[in-house]
Amino acid sequence: MLDFLNDLLWSKVLIVVLIGIGLWFTLASRFVQLRYFGRMFRILGSGQAFARGSDGHLSSFQALMLSVAGRVGGGNIAGVAVAITLGGPGAIFWMWLVGLIGMATSFFECTLAQAYKRAEPDGTYRGGPAYYIARGLGERWKWLAGVYSVLLLVTFGFGFNGVQSYSVATSLNDAFGLPVIATGAGIAVLVGIIIAGGVRRIARIADVLVPVMALSYIAIALVVLAFNIDALPATLMLIVKSAFGLEPAIGGGIGAAIVMGVRRGLFSNEAGLGSAPNVAAVAQVPHPASQGVVQAFSVFIDTLIVCSCTAFIILLGDVYRPGADEMVGVALAQASLASHIGEWGRVFVSIAMMLFGFTTMIYNYYLGENSLVWFGGRNKPLIILYRMAVVGLCGWGATSDLGTIFAFADVTMGLLALVNLLALVMLFKPALKLMRDYDRQLVQGASEPVFNPEKFGYPGIDRDAWKGEAWGYEPEGAVAASGSARV
């Protein structure tokens, strides 16, 4: 039954819905992901991306690193290898296409998360789909926000944390012979120490680990590209031709290439699932669309860069043989890297899997905590109980075969996406207004647009989340801000 539901959701319903809505968002926004591609780098290269308020708000860069920690996981290695094995090299083309479309979806869902975020007594923010559903759609839709929060807790807070622990433990056991029990205990202790410090400690850890692990993996892929630069044009042509069925005996044909590429892209970048908006909301930014731009970049990092690294490592090597499936998943990635740089390539992939999986676990924990906070506020006993459950699951999951739990979490994740996409469709008008406000201020010469909730025109905005910030709006009656930036 779980396999049937997964096939129905991910091979039929969600492929159509996610791509259809992503294309709609792309066209309606006049290709926002391309128009603001250069601005993604300007925001991250400015002091604004790293600035934090005196009350300890997270910076835009920290929120980006936290979301990248969740998007970039073991699936960027093992999942891409499976997509190539079952769908052929053409799956990579469709993965790229889904990534580009998903950037627009991510922009709007993360912009809404910023606009409808809630200020917490401890100086932090909370937000995400549950918040923009309840605040943006009104009280009569609060039940849908509750459904989303339950699905988020079950899927990420519990289900995928156990699976990530199992993946890390088995990978280290294969590479170094470490007992899975010892690895599970180590993971449980480390996760417990990090999550005990709350979102700020989680963000500080992601701030360090994510750039290190991502840049290291990209660097090793660049080395492989440098060694095989002559073969790169032919490999790119192979990817494009295979995507349209122009290469014989490749994978499972054009149908398999499309299905595997689309699924890999959707699973990997999570655009439309509503998971990243939970993280996007915690940053302090002058305008909701500013973080939307930054979060769209995290989709680019995940799908167009990190997943592509794995694809080129495999396709430029001499281990992968089209149509053969005797070596799949992480084993194919390990053997392919080893064919380029020697046997230590296997060790490198195992370490990458460990870091990717570990950062994903602490990200998953935060998503679950966000769900609990939405239900019970700052209920410390409930949060402590949840932390104990996550630590226990990380330890137990390393030693157990969680195939059924993983399949169940896939189903709940599919339902999660449907709930979030329904909310995005209903809230598209305010999301589009936020983008147009951002556009207008840039055209008028503002170096950094600023959001004024009093002029927004839609209910549900928590003005405490914006009022009084050094770069926030001027309250009504205050001295008018100079220039046209403060709309």
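**Figure 1. Packing of helix α8 against helix α17 in the predicted model**. The axes of helix α8 (residues 142–176) and α17 approach within 7 Å and cross at roughly 30°; axes are lines fitted to C-alpha atoms, for helices over the stretch in contact, with angles running from 0 to 180 degrees between N-to-C directions. α8 is therefore roughly parallel to α17 (angles under 35 degrees count as roughly parallel, over 145 as roughly antiparallel, 65 to 115 as roughly perpendicular and the rest as oblique). The crossing of α8 and α17 is right-handed, a term for a near helix turned clockwise from the far one by less than a right angle, anticlockwise being left-handed. From α8, L153, G157, F158, N161, G162, S165 and Y166 meet Y386, A389, V390, L393, C394 and G397 of α17; contact means heavy atoms within 4.5 Å. By class, the contact of α8 with α17 comprises eight nonpolar, five polar and no charged residues (Ala, Val, Leu, Ile, Met, Phe, Trp, Tyr, Cys and Pro count as nonpolar, Asp, Glu, Lys and Arg as charged, and the others, Gly among them, as polar).

**Figure 2. Packing of helix α9 against helix α17**. Helix α9 (residues 180–195) and helix α17 (residues 380–397) have axes that come within 7 Å and cross at roughly 155°. The two helices, α9 and α17, are therefore roughly antiparallel to each other, and α9 passes α17 in a right-handed crossing. G184, I187, A188, V191, G192 and I195 in α9 meet R387, V390, V391, C394 and G395 in α17. Seven nonpolar, three polar and one charged residues form the contact of α9 with α17. V390 and C394 of α17 take part here and also meet α8.

Figure 3. N76 is buried, with a relative accessible area of 1% (buried means under 20% relative accessible area, exposed over 50%, partly exposed in between, with a 1.4 Å probe and protein chains only). Apart from neighbours within four places in sequence, N76 is in contact with R71, S268, D302, V306, C307 and T310. The C-alpha atoms of N76 and S268 are separated by 6.6 Å, although these residues are 192 residues apart along the chain.

Figure 4. Not counting residues up to four places away in sequence, S298 touches L64, S67, V68 and R71. R71 is also among the contacts of N76.

**Figure 5. Positive phi values at R30 and F31**. Both R30 and F31 lie in the loop between α1 and α2, where α1 spans 2–28 and α2 spans 32–35. Phi is near 55° for R30 and near 60° for F31, each a positive value in a residue other than glycine. Most residues other than glycine have a negative phi. F31 is partly exposed, with a relative accessible area of 39%.

**Notes to all views.** Residues are numbered from 1 along each chain as its sequence is written, and side-chain values use heavy atoms, with hydrogens and water left out. In this predicted model, local features need pLDDT of at least 70 and side-chain atom pairs count only at pLDDT 80 or more, whereas totals for chains, interfaces and linings use all residues.

Terms used. Helices (H or I, at least four residues) and strands (E, at least two) are DSSP runs, numbered from the N terminus.
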